Amino acid sequence: PLTLLSFVLGLTVGLIAALVRLFAAGPFVAIVKFYVWIIRGTPLLVQLFLIFYGLPSAGIVLDAFTAALIGFTLNIGSDTSEILRAVISSVPRGQ
């Protein structure tokens with residue numbers, strides 16, 4: 001269940017992020033660029049540790065499945081957004 005959910009949610013996040021980077025206004029593009037830069041620039045294990053152990057210090061307590069789902073979804077979404085953005089950008093406008 002974790003694999004399927006994180007894959008589907010990650011593809012959704014990635015598609016939305018890619019479309020925002022290609023077609024949205026400036027502030028939204030900056031937010032998505034920052035998201036992709038942060039998530040792709042840190043190892044997945046660090047992200048999972050921050051979500052599972054760091055969020056409780058901020059008052060947000062998650063069970064292991066939910067924390068893993070959030071971490072995997074964000075990680076898959078950032079990688080997928082770059083892949084989809086490159087694929088969409090490679091097709092000429094007239095096609």
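Glu82 and Arg85 both lie in helix H4, 3 residues apart, about one turn of the helix. In this predicted model, their side chains meet in a salt bridge, at 3.0 Å from N to O. A polar contact of 3.0 Å also joins these two side chains, Glu82 and Arg85. An α-helix has 3.6 residues a turn, so residues three or four places apart point the same way. Side chains of opposite charge can pair when their charged atoms come close.

Glu82 has other partners. Glu82 forms a salt bridge with Arg21, and the closest N and O atoms are 2.4 Å apart.

Leaving aside residues up to four places away in sequence, Glu82 touches Arg21, Val36 and Arg40.

Is Glu82 buried or exposed? Glu82 has a relative accessible area of 15%. Buried means under 20%, so Glu82 counts as buried. Arg21 is partly exposed, with a relative accessible area of 22%. Arg85 is partly exposed, at 24%. Arg40 is partly exposed as well, at 49%.

How many salt bridges does a search of the whole structure find? The search finds 4. Salt bridges link Arg21, Arg40, Asp79, Glu82 and Arg85 in a network.

H1 covers residues 2-23 and has 22 residues. At 1.5 Å a residue, H1 should span 32 Å. The end C-alpha atoms of H1 are 31 Å apart, which agrees with that expectation.

Which residues of H1 are buried? They are Ser6, Gly10, Gly14, Ala17 and Ala18. Seen down the axis of H1, the buried residues fall within an arc of 100°, so they line one face of the helix. On the other side of H1, Leu4, Ile16 and Phe23 are exposed. What covers the buried residues of H1 includes helix H2, residues 26-41, and helix H4.

Asn75 is found in helix H4, which covers residues 64-90. The relative accessibility of Asn75 is 15%. This value falls under the 20% limit, so Asn75 counts as buried. The side chains of Asn75 and Gln47 are joined by a polar contact of 3.2 Å. Gln47 is also among the residues that Asn75 touches, together with Ile39 and Leu44, when residues up to four places away in sequence are not counted.

Notes: Residues are numbered from 1 along each chain as its sequence is written. This is a predicted model: local features need pLDDT of at least 70, side-chain atom pairs count only at pLDDT 80 or more; totals for chains, interfaces and linings use all residues. Side-chain values use heavy atoms; hydrogens and water are left out. Helices (H or I, at least four residues) and strands (E, at least two) are DSSP runs, numbered from the N terminus. Buried means under 20% relative accessible area, exposed over 50%, partly exposed in between (1.4 Å probe, protein chains only). A polar contact is a pair of N or O atoms within 3.5 Å; within protein, one must be able to donate a hydrogen and the other to accept it, and residues adjacent in sequence count only if both atoms are side-chain atoms. Contact means heavy atoms within 4.5 Å. The expected span of a helix is 1.5 Å times one less than its number of residues. The arc is that of the directions from the helix axis to the C-beta atoms.
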